[in-house]
Amino acid sequence: MCSQARGLLGAANWFQGQSRVDLSVLVALGQQRMSGLTVGDCRRPNTIVRRAKQFKDLHIVIPSRKAEELIFSAFSDSSFPNVPGGSIQGGSLAIVTTREF
């Protein structure tokens, strides 16, 4: 079961990087637990699957825009200590948007 959890976390890591940034924290926290797994840790990736299925019919539409209309921005955040052992969890997000948004 734990090898399946590792495989699922690897696939979820790719998936969240491509289109599901909302899954990022679940994937990151799951990957941090891989060194000292418990049975509960092996079952936790099922939460990622449930969350991914919640919005499976949501479509992302990227409209065509002129380059002059685009604005690039970035956000980052971190928290301490929200994982076992007092480790720091952080993340960054780069976005492209327009002024009207």
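The points below are notes on a predicted model and its local features.

1. Basis. In this predicted model, local features need pLDDT of at least 70 and side-chain atom pairs count only at pLDDT 80 or more, while totals for chains, interfaces and linings use all residues. Residue numbers start from 1 along each chain as its sequence is written, and side-chain values use heavy atoms, with hydrogens and water left out.

2. Nonpolar core. The largest nonpolar core has seven residues: Leu9, Ala12, Leu23, Val27, Met34, Ile48 and Ala52. Such a core is a set of buried Ala, Val, Leu, Ile, Met, Phe, Trp, Tyr and Cys residues joined through side-chain atoms within 4.5 Å. Buried means under 20% relative accessible area, exposed over 50%, and partly exposed in between, with a 1.4 Å probe and protein chains only. At least two residues of this core come from each of helix 1 (2–18) and helix 4 (45–54). Helices here are DSSP runs of H or I with at least four residues, strands are runs of E with at least two, and both are numbered from the N terminus. In soluble globular proteins, nonpolar side chains tend to be buried together.

3. Met34. Met34 counts as buried because its relative accessible area is 18%. Apart from neighbours within four places in sequence, Met34 contacts Arg6 and Leu9, a contact being heavy atoms within 4.5 Å. Met34 and Leu23 both belong to the core, yet their C-alpha atoms are separated by 17 Å, at 11 residues apart along the chain.

4. Helix 2. The buried residues of this helix are Val27, Ala28 and Gly30. Seen down the helix axis, they fall within an arc of 165°, so they line one face of helix 2. The arc is taken over the directions from the helix axis to the C-beta atoms.

5. Salt bridges. The count comes to three, where a salt bridge is a side-chain nitrogen of Lys or Arg within 4 Å of a carboxyl oxygen of Asp or Glu. One of them joins Asp22 to Arg20, with the closest N and O atoms 2.8 Å apart. Asp22 is partly exposed at 35% relative accessibility, whereas Arg20 is buried at 10%.

6. Network. Salt bridges link Arg65, Glu69 and Glu100 in a network. The closest N and O atoms are 3.8 Å apart for Glu69 and Arg65, and 3.0 Å apart for Arg65 and Glu100. Arg65 lies in the loop between helix 4 and strand 1 and Glu100 in the segment after strand 2, so this pair ties together parts that are 35 residues apart in sequence. Relative accessibility is 39% for Arg65, which is partly exposed, and 35% for Glu69, also partly exposed. Glu100 is exposed, at 60%.

7. Strands. Thr97, in strand 2 (residues 87–98), is buried at 17% relative accessibility. Leaving aside neighbours within four places in sequence, Thr97 is in contact with Glu69, Leu70 and Ile71. Phe75 is in strand 1 (residues 70–83) and is partly exposed, with a relative accessible area of 49%.

8. Surface patch. Phe75 forms a nonpolar surface patch with Val21 and Leu93, and the three have about 280 Å² of accessible area together. Patches take residues with over 30% relative accessible area and no salt bridge, joining like charges within 9 Å and nonpolar side chains (Val, Leu, Ile, Met, Phe, Trp, Tyr) within 5 Å. Accessible areas come from the Shrake-Rupley method with a 1.4 Å probe, and for residues only the protein chains shown count as cover.
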